[in-house]
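Welcome! Have a look at the sequence and the model below, and then let us walk through some of their features together.

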Amino acid sequence: MQTLDVPVNSAIALTDPTIHRRKTRPVPVGSITIGGGHPVVVQSMINEDTLDIEGSVAAIRRLHEIGCEIVRVTVPSLAHAKALAEIKAKLAATYQPVPLVADVHHNGMKIALEVAKHVDKVRINPGLYVFEKPSSDRTEYSQAEFDDIGAKIRATLEPLVVSLRDQGKSMRIGVNHGSLSERMLFTYGDTPEGMVESALEFIRICESLDFYNLVISLKASRVPVMLAAYRLMCQRMDALGMDYPLHLGVTEAGDGEYGRIKSTAGIGTLLAEGIGDTIRVSLTEAPEKEIPVCYSILQALGLRKTMVEYVACPSCGRTLFNLEDVLHKVREATKHLTGLDIAVMGCIVNGPGEMADADYGYVGKQPGFISLYRGRDEIKKVPEDQGVEELINLIKSDDRWVDP
């Protein structure tokens with residue numbers, strides 16, 4: 001199994017620009033596979049009440065149509081779980097099957113057993129799946145108490161594991177830093193170690209029942225805690241011979257620019273280290289706003305290419321046109337394409353060199369004129385007001401254009 005150790009004196013390791021993803025087992029979620037070398041999967045979660053069949057179907061479809069590959073719904077009651085049967089049937093009848101995950105929380109065995117019939121994966125939170133009544137005067141857990149609760153967890157988890165195992169479905173063991181059980185908090189503290197041990201306890205129960213279709217997450221709202229938990233999980237799994245795929249996310253990241261930066265700092269850092277097989281950006285916004293952020297993170301790291309990659313200089317005194325306006329025009333004309341790199345450069349000084357890896361270049365070479373490049377080769381010089389149109393014509397001449 002691949003480990004995370006990189007020899008610091010290895011010139012090849014230090015200069016290798018390729019992200020070497022951690023080897024993990026493939027886990028099926030409907031028509032999608034997480035791990036096993038498959039592309040990093042994009043997920044999100046609808047906001048609708050699952051009892052609202054029409055609203056939930058519409059929300060799932062909206063997400064799926066813009067590239068969300070797995071959609072999660074919440075099931076706080078048995079009625080919600082049963083509603084998923086209708087949601088799944090209506091999706092199949094009016095749209096297409098969509099890989100679905102159900103969130104099960106407090107004392108959720110009956111809910112989980114019902115919902116396991118209707119979805120492709122069940123997500124449980126180890127800190128909430130079996131309720132541990134807090135004690136205000138507790139100072140420690142005895143081994144007997146610890147083992148007793150562990151036995152209750154196994155008894156409660158086993159029926160769900162057997163159901164998912166026999167159906168060929170999957171489970172996410174989703175640990176949250178903010179909802180560790182009291183037992184784990186007393187034993188390990190409010191730490192990444194507690195998060196990891198909480199996940200491992202549930203993994204061992206699943207393995208003892210010959211169930212291995214597991215995806216693991218260790219989310220936190222603070223990026224350093226999230227990073228430490230995932231890195232430690234990888235170390236522990238390597239030591240134990242485990243190869244489960246990891247679901248990455250910064251929980252409760254917030255909204256707007258900072259929510260996106262915070263999510264990118266956590267998710268992007270781990271992906272760059274080769275850690276992570278599926279991601280969800282959690283924003284306090286409409287779920288549809290999460291998907292572009294996911295794909296932007298993956299594209300920036302070269303892990304998936306789902307849109308045009310734009311290379312543009314920051315502008316300076318040498319720039320021969322309004323770079324911001326021109327980049328906007330080029331982007332608006334070409335943003336529906338996929339798999340292309342397009343460079344917009346303000347002058348000839350850095351242009352051809354900085355855009356050497358681009359498929360097409362749009363360069364200010366002399367006042368009033370634009371030089372268009374294919375790779376490193378200048379193809380034509382055109383008046384500035386015809387630049388975008390001629391760029392499109394160049395792409396069309398190479399049979400790489402599709403209409404919006």
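## Starting with a charged pair

At 33% relative accessibility, Arg 165 counts as partly exposed (buried means under 20% relative accessible area, exposed over 50%, and partly exposed in between, using a 1.4 Å probe and protein chains only). Its salt-bridge partner is Asp 166, with the closest N and O atoms 3.0 Å apart. Asp 166 is exposed, having a relative accessible area of 57%. A salt bridge here is a side-chain nitrogen of Lys or Arg within 4 Å of a carboxyl oxygen of Asp or Glu.

Before we go on, a word about what you are looking at: this is a predicted model, in which local features need pLDDT of at least 70 and side-chain atom pairs count only at pLDDT 80 or more, while totals for chains, interfaces and linings use all residues. Residues are numbered from 1 along each chain as its sequence is written, and side-chain values use heavy atoms, with hydrogens and water left out.

How many salt bridges does the structure hold? There are 23. In one of them, the side chains of Asp 243 and Arg 25 meet at 3.0 Å, N to O. Asp 243 sits in the loop between α9 and β9 (247–248) and Arg 25 in the loop between α1 (11–15) and β1 (27–29), so this pair ties together parts that are 218 residues apart in sequence. Helices (H or I, at least four residues) and strands (E, at least two) are DSSP runs, numbered from the N terminus. Arg 25 is partly exposed, at 27% relative accessibility.

Glu 290 and Arg 280 form another salt bridge, with their closest N and O atoms 3.1 Å apart. Are these two residues buried or exposed? Glu 290 is buried at 1% relative accessibility, and Arg 280 is buried as well, at 11%. Elsewhere, salt bridges that share partners link Glu 48, Arg 62 and Glu 288 into one network.

## The nonpolar cores

Now for the inside. A nonpolar core is a set of buried Ala, Val, Leu, Ile, Met, Phe, Trp, Tyr and Cys residues joined through side-chain atoms within 4.5 Å. The largest one has 83 residues, and those with the most contacts inside it are Leu 157, Leu 160, Met 171, Ile 216 and Met 233. Helix α9 (residues 223–240) supplies the largest share of this core, nine residues. Apart from it lies another core, of 21 residues, which includes Leu 323 and Ile 395.

Take a closer look at Ile 216. Leaving aside neighbours within four places in sequence, its contacts (heavy atoms within 4.5 Å) include Ile 173, Tyr 230, Met 233 and Pro 245.

## A sheet and its helix

Strands of a sheet pair through backbone hydrogen bonds, either parallel or antiparallel. In this model, an open sheet of five strands has the order β11-β12-β13-β14-β15, with mixed pairing; two strands pair if DSSP finds at least two bridges between them. Which strands form the edges? They are β11 (309–312) and β15 (377–383), each pairing on one side only.

Strands β12 (residues 341–345) and β13 (residues 360–366) run parallel and are joined by four bridges. Across this pair, Ile 342 stands opposite Tyr 360. Helix α14 (residues 387–397) packs on the sheet and touches β12, β13, β14 (369–374) and β15.

Notes:
Axes fitted to C-alpha atoms, helices over the stretch in contact; angles between N-to-C directions.
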